[in-house]
Amino acid sequence: MSNLENLQPRLLWKYFEEICQIPRPSKKEEKIIAYLLKFAEEQGLEATRDEIGNVAIFKKATKGKESVKPVVLQSHIDMVCEKHSDVQHDFEKDPIIPRIEGDWVKANGTTLGADDGIGIASQLAILASNDLEHGPVECIFTVDEETGLTGAFEMKPGFFTGKTLLNLDSEDEGELFIGCAGGVDTLATFTYDSRPVPSGYVAFKMDVKGLKGGHSGDDIHKGHGNSIKILNRFLWKSTMKYDICLSEFNGGNLRNAIPREAAALFTIDASYVENLKEDFAAFLAEVKEELALTDAGVAMSLAEASIPAEAICESVQFDLLNSLYSCPNGVIAMSFEMPGLVETSTNLASVKMIKDNQILVTTSQRSSVNSAKVDVSQMVESVFRLANANVIHSDGYPGWKPNTNSEILRVTERAYKKLFGQTPVVRAIHAGLECGLFLEKYPDLDMISFGPTIRGAHSPEEKLDIPTTIKYWDLLLEVLREVK
């Protein structure tokens, strides 16, 4: 133990810190899977692993609770791997180093992995404890939630037996989640020919940094800047005004993260250089003013660079910049059924120069209404088809329709009131949870999702609130005690 050793409950934080030492990028969870299976062996607990990598660990009821129905505790074992561009960190090899700052646990320039490391840690703490009161517990650990929900998609019926499931993957203490949005990804690919850079042109590199980014579901309504949109806005205006030649455009990373950084390399006729610099200064001031209340850390730079060997052909540059400008991004509709909930949104997530002279644009659409999810994905498709791109959609994943008559909801509400003397907020979440996929395979499941407060998930600003982690732990144990 290091700087988390004095936090309570100690066993929970012990396992959280151990998990931080184990690299676990999405689709590369072999090390954390081995850790879980070894843990089960050392604890003398029954465990199994399915073909895709999901792990189940089973613990018998404590004395006097043998007749209580089993409760399934579920978390995902992968984490979003995001870092600031100036941070040296290999997510496949290097441990996450947590640190305490006030009431928060953070990492150094990378995602912390509290999403969903704190869920894993709480499961392990329950499995390892011998002084808790609970019925049969089935702990389910799924793979690749963040990039494809693969573990939930591929899980076969019968992997667990309980019909009451607690999803430990929420990020707002005091709120109980009984529904979530479904989602689909829309990918557009541009194929371009190269052209020579005109003589007498000067090269510039433009960077957009300093944005908050965040979860493309939980944070999409908060007005955070989108680095791709900002960068493209300046490039589009400069193309219209000075006929610049674009050579490189890269921005964003993960489909479920609001892009924080983006960069472009372009050339411009030397006679327009001073005009370009004046335009950039004005643009920087303009964007800072627009984001003053929601993303004040935005930073941009424009610096001369080495002349690139070639540029993107004019027709594809035109199509790319116009489609990125017109591509919808952000909240599309709010819910009338559940006030304050985003119903439908889309996130322009990344633009990447890939092999064979191709540019891949990744977007992600979410909605709690399936037809609206399809509609907004087709809206995005239409924009890129007009720009002559090849467009495909992912298979998508279903939402989780709220059940206000849920028995586990009533148990959890009572437990929360008993512990804290307050009524928790019951709502749906605009993020995607695995619950919708579980419900397809286990239609009799009664589910709820809750967790401690996490801010900045899917970004290097991710942080876990210590006081609410204690409340989350107490609530989890009280719910296990109260299940009949």
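Both F450 and Y472 are buried, where buried means under 20% relative accessible area, exposed means over 50%, and partly exposed covers what falls in between (1.4 Å probe, protein chains only). The model is a predicted one, in which local features need pLDDT of at least 70, side-chain atom pairs count only at pLDDT 80 or more, and totals for chains, interfaces and linings use all residues. Residues are numbered from 1 along each chain as its sequence is written, and side-chain values use heavy atoms, with hydrogens and water left out.

Back to those two rings. F450 and Y472 make an edge-to-face aromatic pair, with 6.0 Å centre to centre and 65° between the planes. For rings of Phe, Tyr and Trp (its six-membered ring), a pair needs centres within 6.5 Å; planes under 30 degrees apart count as stacked, over 60 as edge-to-face, and the rest as tilted. F450 sits in the loop between β21 (446–449) and β22 (454–455), while Y472 belongs to helix α12, so the pair ties together parts that are 22 residues apart in sequence. Helices (H or I, at least four residues) and strands (E, at least two) are DSSP runs, numbered from the N terminus.

Helix α12 itself is worth a look. At 1.5 Å a residue, its 17 residues (466–482) should span 24 Å, and the end C-alpha atoms are 25 Å apart, which agrees. The expected span here is 1.5 Å times one less than the number of residues. Besides Y472, the buried residues of α12 include I466, W473, L477 and L480.

What does α12 lie across? The helix lies across β4, β5 and β23 (463–465), and runs at about 60° to β23. Contact means heavy atoms within 4.5 Å, and axes are lines fitted to C-alpha atoms, for helices over the stretch in contact, with angles running from 0 to 180 degrees between N-to-C directions. The strands under discussion belong to an open sheet of four, in the order β4-β5-β23-β22, with antiparallel pairing. β4 (99–101) and β22 stand at the edges with a single partner strand each, so one side of each is left without a neighbour in the sheet. Two strands pair if DSSP finds at least two bridges between them; β4 and β5 (residues 104–106) are joined by three, running antiparallel. Within this pairing, R99 has K106 of β5 as its bridge partner. K463 lies over the face of W104, at 4.5 Å from the ring centre. The rule for a charge over a ring is NZ of Lys or CZ of Arg within 6 Å of the ring centre and within 35 degrees of the ring normal. Another case is K14, whose charged end sits over the ring of Y15, 4.3 Å from its centre.

Aromatic pairs turn up elsewhere too, and the count comes to 12. One of them joins F190 and F384 edge-to-face, at 6.2 Å centre to centre and 75° between the planes. This pair links distant parts of the chain, with F190 in strand β9 (residues 182–191) and F384 in helix α9 (residues 370–386), 194 residues apart. F190 is buried at a relative accessible area of 3%, and F384 is buried at 1%. Elsewhere, F160, F438 and Y442 form one aromatic cluster.

β9 and β18 run antiparallel and are joined by 10 bridges. β18 also pairs with β17 in the antiparallel sense, over 10 bridges, and here I354 stands opposite Q358. Eight of the 10 residues of β18 are buried, so the strand is largely enclosed by the rest of the structure.

Most residues other than glycine have a negative phi, and most peptide bonds are trans. The hairpin of β17 and β18 has three residues between the strands, and D356 there takes a positive phi near 60°. N357 has a positive phi of about 55° and is partly exposed at 27% relative accessibility. L149 also has a positive phi of about 55°, but is buried, with a relative accessible area of 2%. As for cis peptide bonds, one joins Q8 and P9, with omega about -5°, and another runs from D115 to D116, with omega near 10°. P9 lies in the segment before α1 (10–20), whereas D116 is found in helix α3 (residues 114–128).
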